[in-house]
Amino acid sequence: MSNPSASRYFIPQPSLWPMVGSLALLLMASGAVLTMNSIANGGFVLLAGFAVLFYMLFGWFGSVIDESEGGNYNLQVDQSFRWSMGWFIFSEVMFFAAFFGSLFYIRVLSVPELASSAQQLYSGFAGFVGTWPTAGPAAEAAKTEFHAMHATGIPLLNTILLLSSGATLTWAHWGMLAGKRKQLVLGLFLTIALGLTFIGFQAYEYYEAYNHLNLKMTTGVYGSTFFMLTGFHGFHVTLGATMLIVILIRSMKGHFTAERHFAFEAVAWYWHFVDVVWLGLFVVVYWL
Amino acid sequence: MQASHDTHDHAHGDHGDHAHHGRAPGLMGWFTTTNHKDIGTMYLWFSFVMFLVGGAMSLVIRGELFAPGLQYVSPEFYNQMLTLHALIMVFGAIMPAFVGFANWMIPMMVGAPDMAFARMNNWSFWLLPPAAILLTGSLFVPGGAAGTGWTLYPPLSVQMGLGMDMAIFAVHILGMSSIMGSINIITTILNMRAPGMTLMRMPMFCWTWLVTAFLLIASMPILAGAVTMLLTDRHFGTSFFNAAGGGDPVLFQHIFWFFGHPEVYIIALPAFGVVSHVIPAFSRKHLFGYTSMVYAIAAIGLISFFVWAHHMYVTGIPLTGQLYFMYATLLIAVPTGVKVFNWITTMWRGELTFETPMLFALGFLFLFTVGGLTGLVLAITAVDIQLQDTYYVVAHFHYVMVAGALFSAYAGAYFWLPKWTGRMYDEALGKVHFWTSIVFFNVAFFPQHFLGLAGMPRRIPDYATQFTDFNAVSSIGAFGFGFSQLIFLWVVLKNIKGGEAAPVKPWDGATGLEWTLPSPVPYHTFEDPPVITEEHLAAAH
Amino acid sequence: MTKDTSNQFAGLKTVLTVLLAGSLAIFAGVAQAEWKLNLQEPVTDLARRIYDLHTFLTIFVTIIFVGVFGVLGYSLVMHTRKRGHKAADFHDNLTVEILWTLIPAVILVAIAVPATIALVNQRDTSKADMTIKVTGYQWKWGYEYMSGDATGIKFISVLSTPRAQIENKEAKGENYLLEVDRHLVVPVNKKVRILTTATDVIHNWSVPAFAVKTDAVPGFVRDAWFKADKEGTYRGQCSELCGKDHGFMPIVVDVVSEAKYAEWVAAQQKEMAAAADDPNKVFTLDELVKRGEKVYTTNCAGCHQPTGKGVPPAFPALDGSAIVKGPKERHLAIVINGKPGTAMAAFGAQLNDADIASVVAYERNAWSNKLNDVIQPAEVKALRGK
Ligand code: HEA
Ligand code: HEA
Ligand code: CUA
Ligand SMILES: [Cu+2]
C-alpha cells in the first residue's frame, strides 16, 4: 500500500467486475424485453439481472472504497475523478434535455399545429382546441376529463424540501471541512430524510393522479411528458439518496478527511444537479 | 529522449513477466484486463468482426438488388438486413474501431501510463458484446429484427415486434459504453498529459478525440432519451409520437437527428485525426497549420449540433427552418475545407513516398472530398427535395463513411501495426488491399449517384427495370469490395504469425512519443511520465 | 520500405481519370442513353429551376474538386522522394489560411442565393387552382379531390404489377413496379395543391418530374404544389420507409388537357353514382363473397396474404383465426376500428358499409373458415362509431 501522495498514477488490478456488470445488463435487457412482451418468466430474468447488478455495484464500489482508504489515489487520480464526475453529470443534463426539449416542442409546436385551423380543415381532428394541458385530440373528442397537477400543494412543498436538502448537505460539508464529524453525520442524515420525504410525496402524488385525477401515462401528451419528466427525475432522486446513504455510512465509519473526500463531493454535486433539474421541472411542468 | 522503457526492463514482449498487474493467462485475462493496450486490441478485433458481419448483411442487400424482382429474401427480411447493417456498421464497426485506436494510442501519445479509469475502460469494451448479442440475436426472435432503418422512425417502429425492443436496449447499452469510453478519453487527455505536453503541443489525433468525446457525451444521452420515449410509446401507452394523443412523429426525428448529425462527425473526426498523422509522416514535413486544424475541429464539433434538420427537409418543417438549416449546413463546409487544404499543403513540397498507410490516407482524402461535395449538393434544400431518400444519399454517406472513416482506419492500422506487433506487415499485400478496395469501392458506390438522380428510392428490395444496369454494376463492386477486405484479415494474421522485425521507428518521417518506444510496445509504458520539451517534438524528425 | 512507386502512380491516375470522367459525364448530354445519369426530365417550372440549380451545383463542385486535387496531383507527381525532392520546412502561413477560409465562405454565399429563391418559390402553395388530398396507407395511396369540379371524387390507388412478375415467374412489363390500378388525373397548366397525410405510418408522396416530395405524416397535414405544363403520365414512388411493402406503393399521375380532364371527371362522377350502394340493399351470400374477395385482394391480402395464412407473427393468419371464427361483432369491430399500435388499420374510414360487410363475409367463408355467415351492410352501419 502506498501513501496518499503515491507517486505513480494508480492503475487497478485486473478485475472481473466489469464482466459481471455486462452480464447484469444483458440479463436486465433480455428480461425487460421478455416482460414487456408478456413472455413467460421474463420477470425472473429481469430480477436476476438486477440482483447481479447490485452484486456488481457492491463489489466494484467496495474495491474502489478500499483502494481509496488504502491511500492508493494520489491527487492526480483525485483530479481525474473530478473531471469524470463533471462529465457524467453533463451527460445526465443532456439526457434530461431530450425530455425537456420534447416538452417544449410539444407545447410550442406540435399541439398548436394540431389545433391550427389549417390542419383541422383536413385532418381527422376537427374541433381540437389544444389548450395546455391537453390529452390530445382523441381524448378531447371522447370528452375524457382529467385534472392537471397544480404547482401549489405538493409540488411546492417538494421544492422547499429539495432546496432545504441542498442546504443541509452544504452544512454537512462545512462540518467535514471543519472536522466536526457530528455535524457531518447529522447534516447527511437530514439530507437523506428530506430526500426520502420528497420521494414519499412524489409517490403520493402519483397515487392521487392515478386514482383521483384520472391523470395517467396514457393521458395523451400531458400524461406522457408529466410522468416521463417527473418519473425520470424521481429515479434520479432515488439514486442520489442511495448514494447519500452510502456516504452517510462511510462517514459514520470515519472515512474521509477534510482534505480528501472526493466521494462526498461527487455525491453532493449530483444531489445539487438533481435539485436544479427539479427547479426546471417545477417551472415548466407544474407552474407554466 | 530518455524514453521511460529503460526504467521498466520487466516489460519486454507483450506477455512479459507480470511483476504487477499483468494480464492473467487465457481468456480470463482478456475478460479482466485493465491494460489500455489489451483493451485497444479487443476493440479493434471486435470492430473488425462486426465489420464482417455488417458487411455480410450489406452483401445480402446487394445480392437482392443485383437484379429486379424478389430473388433471395422477403421484403421484411430485407428491411431487417438494412437496419442491422447500418446499426452494426456505425455502432459496432466504425465507432469501436476508433475507440480502439484511442485506447492504444492516446496514453502513448500524451505520455500517460494508461487510461485514466482502467477498470471502467474494460467495462466500456465488455458492454459491446451484450449489445451485439441483442442486435444480432433479434434476427432470431419471432417477428425478426427491427425493420425500420437505422433511424428507427415511429410510428413504424411502434408497430415492430420484440426485435425492436432488443434494438432499443442495445442502443441504451451502446450509449453507456460510449459515454464511459468518452469520459475516460477526455479525462486522460485533460489530466494525464506528461509534463510539458501542453494542449497545443498535443498530437492531432488526441485533439480530434477530445472533441469527439465531447460530442459523444453530449449526443448519446439524447439518443437514449429518444429511444426511451419510443419504448414507453410502445409499451406504456404514452403519446410522444402519436398525433391522436397530441404528440408528433416528427418530434422523434428532431431528437434522433440532434444526435444523428453529431454522430456522423463522431465517425469523421477521429478519422481526420489519423490522417493528420499519416500524411505528415509520409510527406516528411510538419502538419501544416496545426493551430487552424485545432480550431477547425472545434468549429466542426460545435456547428454539428446546429444543422440536424437537413435530414428533415421534406418532413414539412417551416420555410424559415429549411432556410436556417440550409445556411448552417453550408457553413460546416468551411472548417472541413480548411482541413482538406491543410492536408494538401502538408504534402506540398514534401518528400512523398507511397506506402500502404499513405495510400489509404490519400484514398480517404480524394473520396471523402467527393462525399463532402455531394453532401453540399444535398444541403441545398430545393435540390435535396429531389434527392432525399434516393440512392444519391446512399452514395453520399458511403463516400464519407466507407471511403472516409473506414479508409482512414485502415491507414491507421497499417501505420501503427508495426508498433503494436513489432513486425512489419506485408507491404505488397497491403498495396493489393488498397488498390482492390479503391477500385471496387468506386464501382460499387459511384453508380449510386446516377441511380439516385434518376429517382431510385433507397430502402427498397426491388426496383423498376430502368435501374437494372447500374444496380448490377454496384452489386459487382460491392462483392469485389467485400472480398477485398479479407485481404486485410490475411495481412494481419500473417503479421501476427511472423514477419520482418520492425524498428523503433519504421517510418522515417513519423513524429510523436509512440515512436520513441520499442516495437512491439512493452505492456506497460510511461509509468513514470516523461518530460516533454520542444526538442523532443522537433527531434522526432 | 519505399520501393518503386511508379506503378502505383499509374493506378492513381487511372482512378482519377475515371472519377473525373464519371462526374463530367453528367453534363455530357448522355442523359438520353440507356444508362440514365441525371435527374428525370422536369415538366414544371419549379422542377426545371431545380434541375438547373443541380446542374450548376454539380459543375461547381466538380470545378472545386478538380482545382483542389489538381494542386494535390501536381504535388503527388513532383514532390516525391523518388524524384529526389527534398522536404521543405514550413508549417504555417496565416495569409493563405485566412484566404482559404474566406474564399469558400464567399462561394457558399453565392450558392445560397439561387438556392434560397428556388426554395421560397417551392414552398408557396397559395393561389392554387385545385386541391387534392393524398392519404398514405400501408401500402397504397388514397386520393380525394377537395375543390373544383371534381370535388368529392375519391379513390384508392394500388400497385397493379402482377405478383408473378415480382416473383420472376413472368417477364417484367415496361412499367414494372411503377404502375397502379387507378391513376391520379389532373389538368395541364393548373396549379395543383397537394395535401398529404397518413393513417398508419409516415409515407412520402413523391413525383420527381414535378419536383414534389412531401412526407405524409399520420395525424398531420402537409402541403406541396405543382403546375405541370406538359401532358403525359408521370411516375413516382413512396419515399419514406413505411414497412414491408414500401417498395411497392408507386404513384402515377396523368396530366391531361382541360377537355380530357372534364371528360374524366364526368365519367368518375357517373361511376360513383352507379356504385353508390343502396344502404338497405340485402345481399346473398354469393354476392357478398364475390365482392368480398375483390375487396380482400386490394385491401387485405398485402398483409394477411391471399391464402389467408398471414405472415405470423407480424400479420396473423385469418384462416382459422379465433376472431374470424368467433362472433361477428368482434370480427366487424376489428375491421372497422383497427387495432391501434399495430399495422391493422381502421378500415371503417376507407371502406363503405357494403365493402366491409362483404369482406368480412368473405373471410368467414374463405379457406377453411366455412361458417356460412351472411353479413348485411346494415349490420356494419349499426356497429360504426361504437
Ligand atoms: C462520416 C459521416 C458524414 C459526414 C462527414 C458528412 C458530411 C456532410 N453531410 Fe452527410 N450524411 C451522412 C454522413 C456524413 N455526412 C449520413 C450517414 C447521412 C444519411 C443518414 C440517413 O438518412 O440514413 C447523411 C445525409 C446527409 C444529408 C441529408 C440527405 C437526405 O437525407 O436528404 C445532408 C443534407 O444536407 C448531408 C450533408 C452533409 C454535408 C454538407 C457534409 C459536410 O460536412 C461535408 C463537408 C466537406 C466538404 C464540402 C468537402 C471538402 C471541402 C473542400 C474541398 C473545400 C471547398 C468547398 C467549398 C468551397 C464548397 N448529409
Ligand atoms: C460506417 C458505416 C457503413 C459501412 C462501412 C457500410 C458499408 C457498406 N454498405 Fe452500407 N449503410 C450504412 C452504413 C455503412 N455501410 C448506413 C448508415 C445505411 C443506411 C441504412 C438505412 O437506410 O437505415 C447503409 C445502407 C446501405 C445500402 C442501402 C440499402 C437501401 O437503402 O435499401 C446499401 C446498398 O447498396 C449498402 C451497401 C454497403 C456496402 C456494399 C458496404 C461495403 O462497404 C461493405 C463491405 C464489407 C463486406 C462485404 C464484408 C466482407 C466480408 C465477407 C465477404 C465475408 C463474410 C464472412 C463472415 C461474416 C464470416 N449500405
Ligand atoms: Cu409508403 Cu413507403
Ligand atoms: Cu447530417
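Ala, Val, Leu, Ile, Met, Phe, Trp, Tyr, Cys and Pro count here as nonpolar; Asp, Glu, Lys and Arg count as charged; the others, Gly among them, count as polar. Keep these classes in mind for ligand 1. The model is predicted.

Start with the shell around ligand 1. It holds 20 nonpolar, 10 polar and 2 charged residues. In all, 32 residues surround the ligand. The closest are Trp150(B), Tyr265(B), Asp384(B), His396(B) and Arg458(B). Chains B and C both supply surrounding residues, so the site is shared between chains.

Which helices build this shell? From chain B, α9 (249–283), α12 (333–347), α13 (356–379) and α15 (391–421) each supply at least two residues, and so does α3 (94–122) of chain C. The helix α13(B) gives the most, with 7 residues.

Now look at single atoms. Asp384(B) places a polar side-chain atom 2.5 Å from an oxygen atom of ligand 1. His396(B) has a polar side-chain atom 2.9 Å from a nitrogen atom of the ligand. Ala379(B) takes part through its backbone: a polar atom there is 3.3 Å from an oxygen atom of ligand 1.

Next comes the metal. The copper ion (ligand 4) lies 4.6 Å from the iron atom of ligand 1. What coordinates the copper ion? The donors are His261(B) (ND1), His310(B) (NE2) and His311(B) (NE2), at 1.9 to 2.1 Å. Along the chain, their spacing is H-x48-H-H. His261(B) sits in helix α9 of chain B, while His310(B) sits in the loop between α10 (290–303) and α11 (319–331) of chain B, so the pair ties together parts that are 49 residues apart in sequence. Both His261(B) and His310(B) are buried.

Notes: Residues numbered from 1 in each chain as written. Chains lettered and ligands numbered in written order. Predicted model: local features only at pLDDT ≥ 70, side-chain atom pairs only at ≥ 80, totals over all residues. Heavy atoms only, no water. Near = heavy atom within 4 Å. Polar contact = N/O pair within 3.5 Å; in protein donor to acceptor, adjacent residues only side chain to side chain. Helix = DSSP H or I, 4+ residues; strand = E, 2+ residues; numbered from the N terminus. Donors = N, O, S within 2.8 Å, 3.2 Å for Na, K, Ca; no water. Buried < 20%, exposed > 50% of the residue type's maximum accessible area, 1.4 Å probe, protein only.
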